[in-house]
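Dear colleague,

Please find below the structure that I am handing over to you. My findings follow directly after it.

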Number of protein chains: 2
Amino acid sequence: VSVVAPQGFVAGGAACGVKESGVPDLAIVATADGTAVTAAGVFTTNLACAAPVQISRLHLADGRAAAIVLNSGNANAATGAAGRAVAKTMAALTAAGIGAATEDVLVCSTGLIGIPLSATPFESGIPKLCADLAADAAHGAAAAQAILTTDTVRKEAVATATIDGITVTVGGLAKGAAMLSPAMATMLAAVTTDAAIEADALQAALVAAVDGSFNSMIVDGCTSTNDTVLVLASGAAGHAPITATTGAAFHAFADALATVCQSLARQMAADAEGATKLATIEIRGARSDAEARLAARTVANSNLVKCSLYGQDPYWGRVLSELGASGAMFDPELTTIAYDGVVVCDKGIAAEHDVGAVARTMAAREITVTCDLHNGVGRSDIITSDLTHGYIDENMGTS
Amino acid sequence: VSVVAPQGFVAGGAACGVKESGVPDLAIVATADGTAVTAAGVFTTNLACAAPVQISRLHLADGRAAAIVLNSGNANAATGAAGRAVAKTMAALTAAGIGAATEDVLVCSTGLIGIPLSATPFESGIPKLCADLAADAAHGAAAAQAILTTDTVRKEAVATATIDGITVTVGGLAKGAAMLSPAMATMLAAVTTDAAIEADALQAALVAAVDGSFNSMIVDGCTSTNDTVLVLASGAAGHAPITATTGAAFHAFADALATVCQSLARQMAADAEGATKLATIEIRGARSDAEARLAARTVANSNLVKCSLYGQDPYWGRVLSELGASGAMFDPELTTIAYDGVVVCDKGIAAEHDVGAVARTMAAREITVTCDLHNGVGRSDIITSDLTHGYIDENMGTS
């Protein structure tokens, strides 16, 4: 499964010594024969973007790539020219190891910001890992494992589409945890597919998939320096290449890509630092989808709403307050709020409801908060987590 | 001191039964003889604003007021037409008690949102309190005490100005705690002055004072339904009335008003729910003051930065990341970040520094984080607190 499920890819993960603890910290996803294939990427909007983001943007300019090298344990962010040199070295070592050009290797890093990253661990680690790449699930899982930071579980996903009667596979791995917000989260995702698709169409499908997945998730509202989603398309499935952003083939592929991204995003939110809840904030009846998204993001990003979710307290007053502060236009005295379908606020005031039913709903790990603004047909869903003692514990120190 | 320090005002606080615990929950600040004087107010921008905010806006339309009645224990928000009727009843009862018109009484409420508020406690409580208003410090303190919710200490402030050789006094009381964000915090403040000033000039001075105080503070980024800052000016000091927003008299008064608001804002941030730190985020060298403010607010509102402050961890990488995500334009590789003057990041990368000095700085209750973007002369300071286990404890349940 995962990133090696599509035809034409190999992967692997290992410990190379970036993390002092000795746990896996290096992963490579590459084409099986080292040739460059169609590729696309979406990167953080953070102005202080990390060295690997800067290098990957350059290397992806031609819409082609042969491999992605990823490390955890150090974000290689706020590391200046020295950091860029290390990111380039990581690309060069990977290129040498798989027989590709340096410019065809993309680089991702995750971990602490502002700590100089040494090239030394990679000098031996990357050649060794390049010699141990394979297409089996264990190697895919090893790659997924090696990029984790405070994540507690691996994140992998697969989906298929049928194009011209041929099965096309999309696979991916990702890491999440904290610093998660729309406009990209501290997250890395590497996606592969054996679809045959031109770079512009692949980029369009990726942007749409990211919008409906990673960018529809908020953990703490922080947009990191390193967010990166990359996709490589080998074309090994053998169908006629997709050359446009219209048509059944494009849509079938785009749906499969979106499914993989959505699965990875949900896995991230569910494994957010300290999270005990996976909540979906559904906005209905907004004046526009854009206003619905604004409202959903404001509710999903509210520390007070998230503390209430943690405390299993159906305190809808905070939800209404965040809707009112969001910038979306609506009449609070027409608004309905429901927890898992049980209406607790109707026409902007407290509604009689089954308190026991809401208590049971709030005790579950997953919960949906639905807000109907009764002001149009705009809608948006945002996934979020609760704010917990565990989040504080994980983020009050770096050690 | 406090709200009764200026000539011409009385105040008082009592328990009237809104809070089941029986602690004080009702306060009144009024002119000594019940006459209406010049007044100004700034209210929450939240669309779902509370009933008392709606009523106070109406009653303040003529720029005059005789009294402010405030309750804690229930925000009277998301309570619909019934809530507005209760807010009007509070105004009418106060008006009857002090011999004013109902339209000259302003109303403030703070507490939980979405819980119906009964008028019953006020029917006996307000007449009784009106009979016990006085101009001494103990009565001012009683009023300041009665509006607290999760605040741990009273918030009072006084400042003076000299106008035409006459001493003018400004006094105020406030409550804060959580739901604190620029564009107004869950906060109430009642300010009095014996300055003689016309309503338009008073409003202008108040807007400026709020901008530099309550709107320059973030605790959790939540903009509440009830935020209100009100000022009453008795004119009892006896100087020639201030009729314009220019001139030495206006500026002397505006400075005193700003001093009171800043003191109350600092007291709020220092007493924020669960806070162990009072942090000032200073942005220097931004392209404009507006961009500096955007950058300062983004850093001050970052859960990750606030967790680091709690953990006394000088993790400047998170600060740089938030600057980069803020929307302000700058070159990360020119940026300097200092904790209490000790530079920990220079030209966007880690700087050699005295680790012991920073550790001592981080252990103090107050800390200043200074970021120089080296891109202009724009500057902004925002006060914030840390994000702690105590914040989660206070907000995970409503009971």
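The loop between β13 (336–339) and β14 (342–346) of chain A contains Asp340(A). Please note that the model is predicted. Asp340(A) has a phi near 50°, which is a positive value in a residue other than glycine.

Asn76(B) is placed in the loop between β5 (67–72) and α2 (80–98) of chain B. Is Asn76(B) buried or exposed? Its relative accessible area is 0%, so Asn76(B) is buried.

I turn now to a pair of helices in chain A. Helix α5 (residues 199–211) and helix α6 (residues 248–270) have axes that come within 9 Å and cross at roughly 45°. The two helices α5(A) and α6(A) are therefore oblique to each other, and their crossing is right-handed.

Which residues meet where α5(A) and α6(A) are in contact? From α5(A) come Ala201(A), Leu202(A), Ala204(A), Ala205(A), Leu206(A) and Ala209(A). They meet Phe250(A), Phe253(A), Ala254(A), Leu257(A), Ala258(A) and Cys261(A) of α6(A). Sorted by class, this contact of α5(A) with α6(A) has 12 nonpolar residues, with no polar and no charged ones.

Yours sincerely,
A colleague

Definitions and conventions
Residues numbered from 1 in each chain as written. Chains lettered and ligands numbered in written order. Predicted model: local features only at pLDDT ≥ 70, side-chain atom pairs only at ≥ 80, totals over all residues. Heavy atoms only, no water. Helix = DSSP H or I, 4+ residues; strand = E, 2+ residues; numbered from the N terminus. Buried < 20%, exposed > 50% of the residue type's maximum accessible area, 1.4 Å probe, protein only. Axes fitted to C-alpha atoms, helices over the stretch in contact; angles between N-to-C directions. Parallel < 35°, antiparallel > 145°, perpendicular 65-115°, else oblique. Left-handed = near helix turned anticlockwise from the far one by under 90°. Contact = heavy atoms within 4.5 Å. Nonpolar A, V, L, I, M, F, W, Y, C, P; charged D, E, K, R; others polar.
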